[in-house]
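Q: Hi! Could you walk me through this model before I set anything up?
A: Happy to, let's have a look.

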2 protein chains.
Amino acid sequence: MEQAIGVFDSGVGGLTVVREIMRQLPNENVIYFGDTARVPYGSKSKQTVLKYSKQIVRFLRTKNVKAIVFACNTASALALEEMRAEIDIPVIGVVKPGAKMAADMTQTKSVGIIGTEGTIKSGIYTEYIRRLDPAVTVVGKACPLFVPLVEEGLLEDRITDDMVERYLSELKPYNVDALVLGCTHYPLLMNPIKRYMGEGVTLVNPAYETAKGLKEILKTKDMLNGKSDKVSYDFYVSDGVDSFKAFANEVLPVNVDEVKVVDIESY
Amino acid sequence: MEQAIGVFDSGVGGLTVVREIMRQLPNENVIYFGDTARVPYGSKSKQTVLKYSKQIVRFLRTKNVKAIVFACNTASALALEEMRAEIDIPVIGVVKPGAKMAADMTQTKSVGIIGTEGTIKSGIYTEYIRRLDPAVTVVGKACPLFVPLVEEGLLEDRITDDMVERYLSELKPYNVDALVLGCTHYPLLMNPIKRYMGEGVTLVNPAYETAKGLKEILKTKDMLNGKSDKVSYDFYVSDGVDSFKAFANEVLPVNVDEVKVVDIESY
């Protein structure tokens, strides 16, 4: 099936998921929407995240996508399950694949989750992980400053190290050996987080597992695209084309030269 | 005139302006709208801030307000002048009063402005100050992490001190003696900023000057409310009633027990 895969996020973070899709599913066309006007979702109510996610799915459906990826942890946590019944094409979020990976990995039976306030408060990672293995203790910690630190470019910085220590010291007593990076921005803080948590803790990046899960679903349903000479990647945002383009060109292995603005409130 | 004054901001920050209005105009009724669903405005494009401001003004007009205060530096910087002609009641922003105060205060003829990316990039403070006194040098610095630090409650914290130093060290060589807190959240960082800048630098809080300017306008136009026994304060937001209420009750001298949610996109 040549139809594209629709991927959305509250902003630029979901591009880390697109990168994994490009790697693992190189024949697939992708249409990405980043809600850069209304970013961040992490501090918004369930009702608002649900409303925004519905508008975005309506927009993606106008592009005739064959599957939809919720590449945003907050939207996956607060909106996906409620919307699943209304969507008659495959949908996948980043939470379930990340939860599965963490449950599979942990030996100490103690898993840490870091994410936005919305994701952590929802308790959804805990729910999924304990459904897979009720013996696992799950410790969640919201890290609201990580996204602004990433967006300010302070990836390797003393202030970021301080903030990492401040947030993650709460996880230390729990002897976690797997830590889910439950927000698409966080893989960009992989280094300072790894330094603080130490070698004994595996950092789980749900983006990788999500692309893998998507591939399995499309294969099972015989919806993969055949070998293709020209794969297309289309990018839409609700605001700020220039900063999106700059970020995309840093994160993605392809050149992003066109980004279109969508009036998402009208969907 | 009993009609209320309409005040809006991208979120909770504008409540510092409401506080000043309550102090300086105790007989006035106030209707406040905080765009908590779409906060922050600081990193959004002019086009988007203009669109959101227009929706909010349309909403406030349905409440029959007699004047409108743009209690958000970014909206004042990017949208107010373009909208002024369309609004047939008095409108006032926070930028002009803050600029005037800074121009009046400076002896070294060197003024610093800190604010969001949108406010600083607009160059509007520089424009207003230099219109008042072309001899003044204006140095602007965007401080994107200040709002998340305030919202995380780190008002007195080593990490905030570090970030203050990081941002404001760029202003030091300019010998500024007045620094405009060009974002409604920043007055809450008054202490760390004062500590770093030293006693010789006056911190200008546009909220105070804005309420003063509003009072003058209403007096000139004979639109002040007469002595009143019961003054009403009404609060509307686009999302997250609980966190707004908590913040309002910390900042305001009155008890805020009711906050209503508005579907602002429909205006």
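This is a predicted model: local features need pLDDT of at least 70, side-chain atom pairs count only at pLDDT 80 or more; totals for chains, interfaces and linings use all residues.

Q: Switching topic: how are chains A and B related?
A: A rotation of 180° with 0.0 Å of shift along its axis puts chain A on chain B, with an RMSD of 0.0 Å. The two copies are therefore related as by a two-fold rotation axis.

Q: Which surface does each copy use for the contact?
A: The same surface serves both: 100% of the contact residues of chain A recur in chain B.

Q: Which residue of chain A comes closest to the rotation axis?
A: That's R38(A), whose C-alpha is 2.5 Å from the axis.

Q: What does R38(A) lie over?
A: The face of Y52(A), at 3.6 Å from the ring centre. In chain B, R38(B) lies over the face of Y52(B), also at 3.6 Å from the ring centre.

Q: Speaking of rings, how many aromatic pairs are there over all chains?
A: The count comes to 20 aromatic pairs over all chains. One of them is F59(A) with Y236(A), an edge-to-face pair at 5.2 Å centre to centre and 70° between the planes.

Q: Where do those two residues lie?
A: F59(A) is in helix α2 (residues 46-62) of chain A and Y236(A) is in strand β9 (residues 233-237) of chain A, so their pair ties together parts that are 177 residues apart in sequence. Both F59(A) and Y236(A) are buried.

Q: What about F235(B) and F244(B), how do they pair?
A: F235(B) and F244(B) form a tilted pair, 6.2 Å centre to centre with 50° between the planes. Each is buried: F235(B) and F244(B) too.

Q: OK, zooming out: what's the secondary structure of chain A?
A: Eleven helices and ten strands. The C-alpha trace of chain A spans about 50 × 40 × 35 Å along its principal axes.

Q: How does the radius of gyration of chain A sit against a compact globule?
A: It agrees: a compact globule of 267 residues would have a radius of gyration near 18 Å, and chain A has 18 Å.

Q: What share of chain A is buried?
A: Buried residues make up 59% of its 267 residues. As for contacts in chain A between residues at least 6 apart in sequence, 76% join residues at least 24 apart.

Q: Last one: where is D257(B), and is D257(B) buried or exposed?
A: D257(B) lies in the loop between α11 (241-251) and β10 (259-261) of chain B. D257(B) counts as exposed because its relative accessibility is 57%, above the 50% cut-off. Its C-alpha is separated by 9.6 Å from that of A246(B), eleven residues apart along the chain.

Note on methods. Residues are numbered from 1 along each chain as its sequence is written. Chains are lettered from A and ligands numbered from 1 in the order in which they are written. Side-chain values use heavy atoms; hydrogens and water are left out. Copies are superposed by least squares on the C-alpha atoms of residues with pLDDT of at least 70 in both. Contact means heavy atoms within 4.5 Å. Rings of Phe, Tyr and Trp (its six-membered ring) pair if their centres lie within 6.5 Å; planes under 30 degrees apart count as stacked, over 60 as edge-to-face and the rest as tilted. Helices (H or I, at least four residues) and strands (E, at least two) are DSSP runs, numbered from the N terminus. Buried means under 20% relative accessible area, exposed over 50%, partly exposed in between (1.4 Å probe, protein chains only). A charge sits over a ring if NZ of Lys or CZ of Arg is within 6 Å of the ring centre and within 35 degrees of the ring normal. The radius of gyration is taken over C-alpha atoms; the globule rule is 2.2 Å times the number of residues to the power 0.38.
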